[in-house]
Amino acid sequence: MSNQRIDSGNNAAALAVQLCDVDVVAAYPITPQTPLTEKLSELIAAGEMDAEYVAVESEHSAMGVCIGAASAGARAFTATSSNGLLYMSEQLHWAAGARLPLVMCIANRGIGAPWSVWNDHQDAMSQRDTGWIQLFAKDHQEIVDLTIKAFRLAELVHIPVMVNYDGYYLSHTYMPFELPAAAAVKEFLPPYAYLHTLDPQQPESLNSVTLPDARQDVHGVTQGGYMDIRHNLHLEMRQAMEVLQEIDAAYQQAFGRGGVPLLDPYRCDDADFVVVAMGSLANQLRDVIDQLRAADNLKVGVLALQIYRPFPTAQLAAALQGAKGVMVFEKGLSYGNQGALYADLKSALYPYPARPQLHNFILGLGGREIRTADLSQTLKTACLQPAQSLPEQTDTPHWMGLQL
Amino acid sequence: MPDSRFKILTSASTAGPGDAGRTGSWRVERPVIDYSRCTPAKLGKHACHLCWLYCPDRTISKDIEPQIDLEYCKGCGICAEECPTRAIRMVAEEEFAKGDGHE
């Protein structure tokens, strides 16, 4: 029986993980992820979840335990934020290269220095090239749904998945959401299986020194070298988008929610201007554009990215072909260049005929408040502004809400 | 299990000679067995075979006179270290190049 509740985003994630029949949880507490791991340890201690909770001394160890558990044939989960995610970084590359189907929640938070516990996306953006799939939730219901889908996706494509949700904005606020019935989730998610599960009867060395060239193994079968293994990771990560769409369709059939696995458009059909964002900001922007449409007669839509890696290149470019202007709002950047999402979006558009005027806004770093009125004013100005003559001007990110 | 459309390529290997390529060329020192001191050779029956057991690349045969596959032996010296009768000594490859290695 499904179950309506009002709870925090962290608890929404924990309850989804409970439904996914996880065998091992290894996590180190860090704000704002802490209540998620506390909830899981409570559920396990109370016997409401049949899993092993491994209390580790660091995030590096948390990912190490998950890598070991997944290799041994156990469904493993961890969660972190900010500097904790960065402390795992080496192990993140390892989990992806080993094609381990792990799932991890990130309650997104700014990275020190200076120390900050508040929200932005720099933690996830800094790990975009680790070979993990990165999904972004906009609300609590999506945290639940994406976490359940993430396990099925990871296990079908053998690529680890991060489920991102905004620290505090989502992790600590309370919202209504529906929790699917345990039996239905069990049916949706087949039992865990890893291609190279450790087996004493069939001993294998996993991921030892792999030579630059392909080799004949002891059975005379050609085995790829490092570059071939990495090429396939990339190729199959691209193909994972198709599998995610199929999973989303199956999820929609089973639970009645879904239909927008890659991009979630809001009032984009007739839009002259499209605002692009990830996470809870995309929902906040819906209110802003409703206002702009009503008060200023500006045809604006919001396009939320539900997945950042693999990047939905063709889908995004196609969705923006009819727009005159595109405004990318993001809570992170590639220092010394531009917003990373903006740069990715620009490169996605390059091979296509229509090249809308682009704007990049950096906002909300380290929890800087994002006022709806400021968003509205910034967006209105950008819509009404004539095309700028200097390419340098057009391409420079604007920092919104600076207090200098 | 993974979706059948996906060829999950990973680095996994089973024990055996050649899983890392023809590693014989890595060798700096070559193990040479003195069968007059080697336990199975001396007894004329299967015994000891610790060199066979310890070789990480499985290049030593489990014969009465154990043979070393020099295509794959990378000269790590574990067999010489483990041999309880000191029947295996490590000889510099350059000795063989000069023709002084007696093999």
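What follows is a short talk about salt bridges, surface and contacts in this structure.

Guide: Keep in mind that this is a predicted model.

Visitor: OK. How many salt bridges are there over all chains?
Guide: The count comes to 28 salt bridges over all chains.

Visitor: Show me one. What does the side chain of Arg75(A) meet?
Guide: Arg75(A) forms a salt bridge with Glu155(A), at 2.7 Å from N to O. Arg75(A) sits in the loop between helix 3 (59-71) and strand 4 (76-80) of chain A, while Glu155(A) belongs to helix 7 (residues 140-157) of chain A, so the pair ties together parts that are 80 residues apart in sequence.

Visitor: Is Arg75(A) buried or exposed?
Guide: Arg75(A) counts as buried, because its relative accessibility is 3% and the cut-off for buried is under 20%. Glu155(A) is buried as well, with a relative accessible area of 5%.

Visitor: And Asp129(A), which side chain does that meet?
Guide: Asp129(A) meets Arg128(A) in a salt bridge of 3.6 Å, N to O. Asp129(A) is exposed, with a relative accessible area of 54%, and Arg128(A) is partly exposed at 23%.

Visitor: What about Lys324(A)?
Guide: The side chain of Lys324(A) makes a salt bridge with Asp272(A), at 3.9 Å from N to O. Lys324(A) is in the loop between helix 11 (313-319) and strand 16 (325-330) of chain A, and Asp272(A) is in the loop between strand 12 (263-266) and strand 13 (273-278) of chain A, so this pair ties together parts that are 52 residues apart in sequence. Lys324(A) is exposed, at 55% relative accessible area, and Asp272(A) is partly exposed, at 23%.

Visitor: Which residues do salt bridges with shared partners join into one network?
Guide: Arg128(A), Asp129(A), Arg309(A) and Asp344(A) are joined that way.

Visitor: Enough charges. Which residues form a nonpolar patch on the surface?
Guide: Tyr335(A), Trp399(A), Leu402(A) and Leu404(A) form one, with about 560 Å² of accessible area together. Of these, Trp399(A) is found in strand 18 (residues 398-399) of chain A. Trp399(A) counts as partly exposed, at 40% relative accessibility.

Visitor: Where does Gln127(A) lie?
Guide: Gln127(A) is in the loop between helix 6 (122-126) and strand 6 (133-136) of chain A. Gln127(A) is buried, with a relative accessible area of 5%.

Visitor: What does Gln127(A) touch?
Guide: Leaving aside residues up to four places away in sequence, Gln127(A) touches Leu85(A), Leu86(A), Ser89(A), Leu92(A), Gln134(A) and Met162(A).

Visitor: Now chain B. How many residues does the contact take from chain B and from chain A?
Guide: It takes 20 residues from chain B and 31 residues from chain A.

Visitor: What area is buried between chain B and chain A?
Guide: About 2,300 Å², and carbon and sulfur atoms give 53% of that. On the chain B side, Phe6(B), Leu9(B) and Ser11(B) lose the most area to chain A, together 29% of what that side buries.

Visitor: How many salt bridges are there between chain B and chain A?
Guide: The count is two salt bridges. Arg5(B) and Glu246(A) form a salt bridge at 2.7 Å, N to O.

Visitor: How many residue pairs are in polar contact across that interface?
Guide: There are 10 residue pairs in polar contact across the interface of chain B and chain A, with both residues at pLDDT 80 or more.

Methods: Residues numbered from 1 in each chain as written. Chains lettered and ligands numbered in written order. Predicted model: local features only at pLDDT ≥ 70, side-chain atom pairs only at ≥ 80, totals over all residues. Heavy atoms only, no water. Salt bridge = Lys/Arg side-chain N within 4 Å of Asp/Glu carboxyl O. Helix = DSSP H or I, 4+ residues; strand = E, 2+ residues; numbered from the N terminus. Buried < 20%, exposed > 50% of the residue type's maximum accessible area, 1.4 Å probe, protein only. Patch = residues over 30% accessible without salt bridge, like charges linked within 9 Å, V, L, I, M, F, W, Y side chains within 5 Å. Areas by Shrake-Rupley, 256 points an atom, 1.4 Å probe, with all protein chains shown as cover. Contact = heavy atoms within 4.5 Å. Buried area = accessible area lost by both parts, 1.4 Å probe. Polar contact = N/O pair within 3.5 Å; in protein donor to acceptor, adjacent residues only side chain to side chain.
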